[in-house]
Amino acid sequence: EREIWIIHPIRGQRARYACSSCGWQAVCPSCGYSLSQYKSFGLCRKCGKKSALPASCPKCGGMDFSRGRSGQDRLNEQLSKLSTAKKPRILSLTQANELDFPENGVVVLTDAALVAGAVEDIRRRERLVTAWRRLAAKAQIAEAQLIVQGSDEILVLCRKVLNSAGMEEEHALEMSERQLFGFPPSVTLIKLLVDGTEQHAQDVYERLATLTPPAITLHGPYPVPYRPAASGTRFVIQLKVPPQIALDELTPMLDAFKREAYIDLDPVAFFC
């Protein structure tokens with residue numbers, strides 16, 4: 001008789017439209033990302049474009065596309081066949097974050113690796129740990145039973161960071177990795193977003209290079225992918241600043257570019 005909530009971050013029918021016989025999978029014709037199945041069409045999670053899905057595999061002719069993991073729609077179809085009076089409720093990540101869990105209920109997280117969403121950036125692991133701890137705290141407040149599925153690595157991480165000692169260890173590991181690759185906050189990173197043509201972005205880069213101190217390294221310009229056509233093209237220029245240089249010292253230099261670039265002094269993600 002307990003209320004059951006299932007947090008299942010995969011939307012649609014299936015996460016991927018993949019052939020069970022040979023492993024072929026449908027990809028977005030625009031960006032090459034895997035298509036998720038929504039009824040009779042495929043949806044790209046990166047650029048948002050819809051595409052037709054083949055009835056048979058173009059590689060082997062197979063008709064079984066059940067290789068991809070079930071999404072919320074398919075899971076609801078399966079749960080509707082249960083004979084119990086009280087059906088489990090399927091939640092998206094947004095609902096799981098906004099709603100209070102049922103008192104003394106059962107909360108099932110089908111994949112702990114997806115609890116922070118699917119965005120890839122340098123804070124991915126940090127965001128996963130934060131999202132997991134918040135979810136676990138909500139379950140504790142509601143005195144609910146929390147059942148978690150995931151890979152061995154993710155489950156070990158989830159168990160470790162539920163206490164202060166584990167969190168301190170995770171923070172130390174995260175900082176050492178960021179120092180190794182030169183990621184913030186171990187290295188100060190400034191990001192300039194330049195709209196327009198690639199030549200314009202290159203001109204900005206070259207003018208910036210003549211003004212920056214030798215200790216600062218410049219990277220780019222990198223194109224920002226998956227921009228809507230109506231928004232135009234955008235490029236990213238990165239400046240890595242050594243700790244001995246204060247950001248205040250760079251203000252006059254950056255002021256010269258504030259009319260033709262968005263300047264981010266504390267970026268949490270970057271394109272490469």
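## The second largest pocket

The second largest pocket is lined by 13 residues, and those lying nearest its centre are I122, R124, R125, E174 and E177. The model in which this pocket was found is a predicted one, and the space within the pocket comes to about 230 Å³. Sorted by class, its lining holds 7 nonpolar and 6 charged residues, with no polar residues.

The most is given by α5, which supplies 4 residues to the lining.

## The largest nonpolar core

The largest nonpolar core is made up of 24 residues, within which I7, F101, L109, V115, W132, L135 and V161 have the most contacts. Two or more residues of this core come from each of β1 (4-7), α2 (93-98), β6 (106-109), α3 (124-141) and α4 (152-160). The largest share belongs to α3, which provides 7 residues.

When its neighbours within four places in sequence are set aside, V115 is in contact with L93, L109, L128, A131, W132 and L135. Apart from this core there lies another one, of 19 residues, which includes L218, I237, L250 and M253.

In α4, the buried residues are I154, L157 and C158. Viewed down the axis of α4, these buried residues fall within an arc of 100 degrees, and they therefore line one face of the helix. The partners against which the buried residues of α4 pack are α3 and α5.

The face of α4 that is turned away from the buried side carries D152, V156 and R159, which are exposed.

L192 is placed in strand β8, which runs over residues 188-195, and it counts as buried because its relative accessibility is 0%. Not counting residues up to four places away in sequence, L192 touches L208, F235, V236, I237, L239, L254, F257, A261, Y262 and I263. For one of these contacts, V236, the separation from L192 is 44 residues in sequence, while the C-alpha to C-alpha distance in space is 5.7 Å.

Helix α7, residues 247-255, has L250, M253 and L254 as buried residues. These residues cover an arc of only 95 degrees around the axis, so they sit on the same side of α7. D248 and P252, on the other side of α7, are exposed. The buried residues of α7 pack against β8, α6 (198-211), β10 (234-241) and β11 (262-264), and L254 is among the residues that L192 touches.

## The loop position of P54

P54 is located in the loop between β4 (50-52) and α1 (72-79), and with a relative accessible area of 26% it is partly exposed. Leaving aside neighbours within four places in sequence, P54 is in contact with Y17, W24 and F65. P54 and S92, which are 38 residues apart in sequence, are separated by 28 Å in space, C-alpha to C-alpha.

## Backbone geometry

Most residues other than glycine have a negative phi, and most peptide bonds are trans. The peptide bond from G220 to P221 is cis, with omega near -5 degrees, and P221 itself lies in strand β9, residues 217-223.

Notes:
Residues are numbered from 1 along each chain as its sequence is written. This is a predicted model: local features need pLDDT of at least 70, side-chain atom pairs count only at pLDDT 80 or more; totals for chains, interfaces and linings use all residues. Side-chain values use heavy atoms; hydrogens and water are left out. A nonpolar core is a set of buried Ala, Val, Leu, Ile, Met, Phe, Trp, Tyr and Cys residues joined through side-chain atoms within 4.5 Å. Buried means under 20% relative accessible area, exposed over 50%, partly exposed in between (1.4 Å probe, protein chains only). Contact means heavy atoms within 4.5 Å. On a 1 Å grid over the protein atoms alone, a cavity is a set of points where a 1.4 Å probe fits but cannot get out, and a pocket is an open set with protein on both sides within 12 Å along at least five of seven lines; lining residues have an atom within 4 Å of a point. Grid points are joined across faces, edges and corners, and a volume is the space filled by probe spheres set on the points. Ala, Val, Leu, Ile, Met, Phe, Trp, Tyr, Cys and Pro count as nonpolar, Asp, Glu, Lys and Arg as charged, and the others, Gly among them, as polar. The arc is that of the directions from the helix axis to the C-beta atoms.
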